Amino acid sequence: MLPCSWGLWRSAIHTLKTFSRASPSARGLCIPTRAVCDAETIFALSSGHGRCGVAVVRVSGPASSMVLRNMAGLTQALPPPRTALLRRITDPQSKELLDRGLVLWFKGPHSFTGEDSAEFHIHGGPAVITAVLQALGSLEGVRPAEAGEFTRRAFHAGKLGLTEVEGLGDLIHAETEAQRRQALRQMDGELGRLYQDWSYRLKRCLAHVEAFIDFSEDELIEDGVLNQVDSSVRQLETEIERHLKDERRGERLRTGVQVVIAGATNAGKSSLLNTLCQRPAAIVSPIAGTTRDIVETSLDIGGFPVLLSDTAGLRDSSDSVEREGVRRARQRVEQADLTLVVVDSTQLPPDPQLVAAFLQEHLSTVLPSPEAGMTAASDRVLLVLNKSDLVPEEQRERTEGELRERPGLPPACFLSCSTSTGLEDFLTVLQSRVKTLCGDPLSGAPSLTQARHRAHLQQSVQALNQYHQYRDQDLALAAEGVRLALTHLGRITGRVGAEEILDIIFRDFCIGK
Amino acid sequence: MLAQKLHLLRHNVLSFVSSRTGSDLTRRQYDVIVVGGGHAGTEAAAAAARLGAETLLITQKIMTIGALSCNPSLGGVGKGQLVREVDALDGLCGRAGDSAGVHFSILNRSKGPAVWGPRAQLDRERYRQFIQSELLSTPRLTVLEGSVDELLVSQPNPEEPGHHRVTGIRLGNLPQTSHNKLGEFWPIPPDRAGVTESVDGSHPILSSSVVLTTGTFLSGSLFMGQTTSPGGRMGDAQSCAGLSYTLKETLGLRVGRLRTGTPPRIVKESVDLSLAQLQAPDKQPTPFSFLNTHTRCKPEEQLPCYLTHTTPGVERVVRESVHLNCHIQQDAKGPRYCPSIESRVLRFPGRRHQVWLEPEGLTSDLLYPQGLSMTMPPELQLRLLREIPALHRAEIRTPGYGVQYDFVCPTQLTPSLQVKSTQGLFLAGQINGTTGYEEAAAQGLWAGVNAGRTALSLPPMALSRTQSYIGVLIDDLVGRGVTEPYRMFTSRAEFRTYLRPDNADLRLTPRGFEEVGCVTLRRYKKAVSVRDGLQEALMALQSVALSSTRWREKLGNISLSENKSTTLNGLDLLQYKDVSFEMLASAFPECLSQYFEYSQRLKIEAVYRPHCEKQSREMERIRSEESLSLPSDMDYLSLPVSLSQEVREILDRVRPNTLGAATRLPGMTPAGIIHLLNYVLRTGQRNRHTEHRNRSSQKEGEKGQLCASNIPISQ
């Protein structure tokens, strides 16, 4: 399970609040007082990336005015609502200058979300954006927005029209998908292994504390279980804190829209890569392949950064090296923002009426299962019917007619990599896709995912402090600290349920009675 | 009939119906029938009767009502919380424990009051007597000795395939005697008219609600050594094959198989207790029940427990006897936390395992060896016991044995514990895959409440997992199902620091009276007065505010982390480890000393309150999820919303009760949840109030509903 789905699931439910009846028990003593709705303040990059001069970062929630004061040096009054003001934007902790840009203040309810909001219009470079997002995440009570959260808050505040409410599900779908892909990329590597390792160790800590609470009275729980937890927690705290301080040593972030070329062997995938690279529209700067089977190239398509990957041909193979290549290819397709499925046109059925069904079938073998959120109808797939020069003109035209606006199938382009016929049309389609994707602030913006991760790691460390604070006074409250820390880490690595903790307890201890 | 019953509900519970008329005694129709007289059955019957339903409890043997089939103890960590909650809802087991307890202790005393585990060793006789006399004095409750042969359900409606409605039960063998609330035995005239003719001469009794609490008796088999015999408990008649058939074949319910076991009972005199370690009870017993200030057993009358350990010899006997032991060779899943000594030894070889020697009662000459559940042949059981030094001369009174039994996969139930596909059929206890008296009692109570409510035409109710361990238990069962016998642990509760044993009355009693109807007026009044008293006391604490310097002067040398100038009120101060309410009361006697009786509860409240407040938002979220119910007959396969086929199939198979349950389903996508949510909100009001099968009219109404349901959004 992926973190984003958890986050979404959690926040999606917030919209329900208004519909639930007031809890009958929410009165009287000892019932926690009902917190103000959405007490947390959230932020997100709300402009696209690519070659843009200005990036817009939005903040929404009760702490928005505090954010504005802290980051824009507004010690006195706030600016008049909805008026742009040119300010120096600084890091609230280090007071380091991050950028000069416009700030705007929106007093609730006169804002997109109905809450107090602020906007920062800053320079569009990735370094500036990352710095501002990280500075925001370091403020107390402020965290990166989950997918669709701004929209949901607007929905909550009655700021959305009926049609927008209808579209909410699709919007959230799109955003979670983007976040999921982003997280997949981020988790795929050294950093991912690091987080998984922390999660594993924290789970064990929690399991041991829970075992001590639930079983130590009846069972032989080895002496010193809690002492072990003490030192493990301390070790984890140190490691996470060190990681948070060491900002430059992060992994190389792959920026740009991730476009993956996939398909059967000999369909002409590599030719497509070369063709795309040779066109004047595409400026090539090759990066040494990270793996021997996937060739990655940075391109600039219509002014937008694209990371193009060529993958191994998909087929069942007995060769273990090739099998690994195919596995990686499939993994890459799952992480892609856009997949170009290349098909050899000479393999299409001669009867144009059968082509749609054939392609449908073919796509299902290339694309990951529908649970991964990718379907043939998805706007994240383009079909490239290569080697069109080898198909009779008349058959091609009839097939094109047949495939035009066929529901359930992505757009298909006939193309010949060897003669370049059809290339212009294909590039037009590709460019518009890339442009749309770049307009989505989530795709290809690893800094945002990174900011989310930082925020959760920080909260995780804070929660671990609670463990030490209560360790000797009240073990239930101390355990709460570990539970909370794991919840935060779980938003990066996947949610952890009570059953999983019990599994560890029963594996590690001989529990009876 | 149902309308007539309504006036009896709730407030009249205490007004005892003095006696029955002759025609009542021959009743062939009840509001609620409860099958089984164990922990679930007795709580269910008592709860339904408290609610105002005319209730019949059917058990194979009246004398085994309230019997403790296995361990002679109640409560513990997690389980003690359940007992407190059952008591807060006016159930029986808490008071029964106070009456029967012979060794009281609060487990986890050093680990924080949220995880304290009230526990007691019980006198088996006293427990049984208390439950039996309690049931006999419960108005509207009749007890009948007999065996249920068949569950009567109405013919499935051709338009609703798979849907049934309970109409009653059919008794098997003709009962010789039955027992009413006044303690008289009375015969059932075999030829009563007025109900459906029974073809085979057996006895139908009609009812719109039936609670099945058959424990291990559903296709139960007993195992000892290499012998197997049908049954659910040694010494009792074997069980209801007919019932099993109805559940599986007629109703098409999915069942699974589980196993459990019990240790041999040892003659006390034969044990060398000097070789075991004495475990003393608490000096001052703490009652389970909120109604009791002391227990029946006086502090000095309490009996001790003894602790001893297994030896390598025990492991040897287990290994040598594996081939003679059918039970452990079976596939059925046993509990991981209550394993037999065989599975412990095989799973964790080379270790020393604890064995508790527990008293069985004040007058009993037996000891119960907790931790030595076993199913090997009796002669080997004896050999095994004697490998333990304290038991080297031990004599066995009754050998240990294993039980395997069917359970109904609880995901087929609603949060009111009713079978989804069968109106009026409720299940509680081991039949739902749980283990333990407390888990059974908790479900029994809630099933009884809802059976009573259904019979009285009141809507069913659910308990939230944010409000009680009972809610956690039921939500886990119906939402996730079980793969092994389910036992309660505090680690299962997300809001453990709020679901504490000390505040169960405040969490549940007022609601139990005002909304549910299962709490008597006496208990309600008491809980309300406690609530008001605590509220006042908290306000009084908050009203005394001093700077931390002044506090130090007043209370002597206490360590406060705050700055000298910070102002702290009494409640803030009470959070500190070394500050007690008594200290504060002696500093401010005029406004605090009147609240001495609450001193412990106030201290606990002060420590946990800030934390609970932090969690309140999360609790609110879960409550909202739970409050959005999904109609049980929703046609997911053709729902006019954008859901993938996979998600549709998952929803169709599991049929989650609430949106909350839907979000926890593996394979469910966030977008799917949003689409479902939008759909439910749009059609929600309609679905709640009208027949939602009528699809065509529903579609016409969608636009209007959308506008209507949008109004609360903009509040």
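This briefing walks through a few features of chain B, grouped by topic. The model is predicted, so local features need pLDDT of at least 70 and side-chain atom pairs count only at pLDDT 80 or more, while totals for chains, interfaces and linings use all residues. Residues are numbered from 1 along each chain as its sequence is written, chains are lettered from A and ligands numbered from 1 in the order in which they are written, and side-chain values use heavy atoms, with hydrogens and water left out. Helices (H or I, at least four residues) and strands (E, at least two) are DSSP runs, numbered from the N terminus.

**Two helices that meet**

- Helix α4 (residues 79-88) of chain B packs with helix α5 (residues 93-100) of chain B at an angle of about 115°, and their axes are 7 Å apart.
- Here, axes are lines fitted to C-alpha atoms, for helices over the stretch in contact, and angles run from 0 to 180 degrees between N-to-C directions.
- α4(B) and α5(B) are therefore roughly perpendicular to each other (under 35 degrees is roughly parallel, over 145 roughly antiparallel, 65 to 115 roughly perpendicular, and the rest oblique).
- V83(B), V86(B) and D87(B) of α4(B) make the contact with C93(B), G94(B) and R95(B) of α5(B) (contact means heavy atoms within 4.5 Å).

**A four-stranded sheet**

- Four strands of chain B form an open sheet in the order β13-β12-β21-β14, with antiparallel pairing (two strands pair if DSSP finds at least two bridges between them).
- Strands of a sheet pair through backbone hydrogen bonds, either parallel or antiparallel.
- At the edges stand β13 (227-230) and β14 (255-262) of chain B, each with a single partner strand, so one side of each has no neighbour in the sheet.
- Eight bridges join β14(B) to strand β21 (residues 401-408) of chain B in the antiparallel sense, and L258(B) stands opposite Y405(B) in β21(B).

**A helix with two sides**

- In helix α7 (residues 241-250) of chain B, the buried residues are L243(B), S244(B), T246(B) and L247(B) (buried means under 20% relative accessible area, exposed over 50%, partly exposed in between, with a 1.4 Å probe and protein chains only).
- These residues cover an arc of only 160° around the axis, which puts them on the same side of α7(B); the arc is that of the directions from the helix axis to the C-beta atoms.
- A241(B), Y245(B) and E249(B) are exposed on the other side of α7(B).
- The buried residues of α7(B) pack against β7 (148-153), β11 (203-212), β21 and β23 (425-427) of chain B.

**A loop residue**

- H294(B) lies in the loop between β16 (277-279) and β17 (305-309) of chain B, and H294(B) is exposed, with a relative accessible area of 58%.
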